[in-house]
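Entries are in the order I checked them.

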Amino acid sequence: MMFDPEKIRALILDMDGVLWRGDEAIGDLPAIFTQIERLGYGVVLATNNATKSIQQFVEKLASFGVRIEPWQVINSAQATAHYLSQQHPTGGPVFIVGEKGLAEILQEKGFYVSDENPLAVIAALDRGLNYEKLRKATLFIRAGVPFIGTNPDRTFPTPEGQVPGAGSVLALLEAASEVAPLVIGKPNPVMYQFALERLGTSPEETLIVGDRLETDIAGSQQLGSPCALVLSGVTNEESAWEWEPAPDLIVADLANVIRELKFLSGKK
Ligand SMILES: [Mg+2]
């Protein structure tokens with residue numbers, strides 16, 4: 001796939017490692033977003049993190065001085081609901097191993113929680129996990145009900161250290177059912193297709209920016225979008241250059257992505 005900077009009309013940005021590390025902004029975010037707006041690029045922020053609500057991300061951006069509308073933020077729970085409604089446009093019963101937030105997002109698409117003939121077992125991080133839920137989910141999956149996971153992240157960081165995430169719940173259910181889940185979060189391009197629908201752009205017109213090779217970069221390459229790897233997060237320069245095929249851009253941080261894009265596209 002050829003990267004043509006002049007064609008770019010929108011950006012899909014990862015958040016952790018691109019916009020911030022923990023509670024620390026990476027670069028002058030208000031200046032970066034002003035520049036993006038001036039260059040006329042649409043923006044959607046896409047994260048695998050389904051433990052925070054859309055509103056919480058909007059508020060975190062606001063605390064860094066950046067105004068983002070709720071439609072510009074998507075997480076893996078929303079992408080899962082989007083995927084499921086493509087399969088079942090009228091909704092229906094689903095069995096959920098997950099929290100209230102996930103059930104609410106699915107409800108918006110006409111899905112309701114039931115253990116009567118569910119269309120799918122949807123598994124995610126569940127801080128109220130119990131044996132009964134795991135038992136039922138395992139039996140459904142063993143009986144052939146499709147097994148879908150929101151995101152593959154096995155842990156997520158807290159001030160005390162790494163704690164179990166959605167991927168750990170999926171690993172448990174996979175061990176019990178002997179069925180691997182279909183996981184919707186990055187690197188599955190479903191997440192990015194959903195973002196493209198919000199932006200109204202094609203893959204070639206959209207630059208995907210992330211800090212993780214096996215999720216952000218692998219997902220954009222599956223989709224056929226150009227991608228930029230930033231070295232402000234979890235990936236070091238050496239492993240960035242080893243990745244095949246190489247990301248279209250490898251730069252220090254988001255500010256440099258915008259600078260390169262401006263230069264390469266010849267925009268003023
Ligand atoms: Mg990241």
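**Entry 1: a salt bridge at Asp115**

I started with Asp115, which is partly exposed because its relative accessibility is 35%. This is a predicted model, so I keep that in mind for every entry. Asp115 meets Lys136 in a salt bridge, 2.7 Å from N to O. I checked where the two sit: Lys136 is in helix H5 (residues 131-142), while Asp115 is in the loop between strand S7 (111-113) and strand S8 (121-123). They are 21 residues apart, and the pair links distant parts of the chain. Lys136 comes out as partly exposed too, at 27% relative accessibility.

**Entry 2: other salt bridges**

How many salt bridges does the count come to? I get eleven. I looked at Arg135 and Glu132, which form a salt bridge with their closest N and O atoms 3.0 Å apart. Both lie in helix H5, three residues apart, about one turn of the helix. I noted next to this that an α-helix has 3.6 residues a turn, so residues three or four places apart point the same way. Arg135 is partly exposed at 36%, and Glu132 is partly exposed at 38%.

Arg212 and Glu214 also meet through their side chains, at 3.7 Å from N to O. I have Arg212 at 34% relative accessibility, partly exposed, and Glu214 at 44%, again partly exposed. I also found a network: salt bridges that share partners join Asp14, Lys186 and Asp216.

Asp16 is in the loop between strand S1 (10-13) and strand S2 (20-21), and Asp211 is in the loop between strand S13 (206-210) and helix H8 (213-223). That puts Asp16 and Asp211 195 residues apart.

Asp211 has a relative accessible area of 4%, so I wrote it down as buried.

**Entry 3: strand S1 and its partners**

Next I went along S1. Ala10 and Ile12 point one way, Leu11 and Leu13 the other way, and all are buried. S1 runs parallel to strand S4 (42-47), with four bridges joining them. In that pairing Ile12 has Val44 as its bridge partner, and Leu13 stands opposite Leu45. S1 also pairs with S13 in the parallel sense over four bridges, where Leu13 stands opposite Val209.

Three bridges join S4 to strand S5 (residues 73-75), and the two run parallel. Leu45 stands opposite Val73 there.

**Entry 4: helix H1**

In H1 (residues 29-38) I found Leu29, Ile32, Phe33 and Ile36 buried. Looking down the axis, the buried residues fall within an arc of 95 degrees, so they line one face of the helix. What covers them includes S1, strand S3 (24-25), S4 and helix H10 (254-265). After H1 comes Gly40, whose phi is positive, near 85 degrees.

Last, I looked up what packs together inside. In soluble globular proteins, nonpolar side chains tend to be buried together. Here the largest nonpolar core has 34 residues, and Leu19, Phe33 and Leu45 have the most contacts inside it. Elements giving two or more residues to this core include S1, H1, S4, helix H2 (54-63) and S13. Strand S14 (227-230), strand S15 (249-251) and H10 are on that list as well.

Leaving aside neighbours within four places in sequence, Phe33 is in contact with Leu13, Leu19, Val43, Leu45, Val66 and Ile68. There is also a second, separate core of 31 residues, which includes Ala10, Val44, Ala46 and Ile208.

How values were computed
Residues numbered from 1 in each chain as written. Predicted model: local features only at pLDDT ≥ 70, side-chain atom pairs only at ≥ 80, totals over all residues. Heavy atoms only, no water. Buried < 20%, exposed > 50% of the residue type's maximum accessible area, 1.4 Å probe, protein only. Arc of directions from axis to C-beta. Contact = heavy atoms within 4.5 Å. Pairing = 2+ DSSP bridges. Salt bridge = Lys/Arg side-chain N within 4 Å of Asp/Glu carboxyl O. Core = buried A, V, L, I, M, F, W, Y, C linked by side-chain atoms within 4.5 Å.
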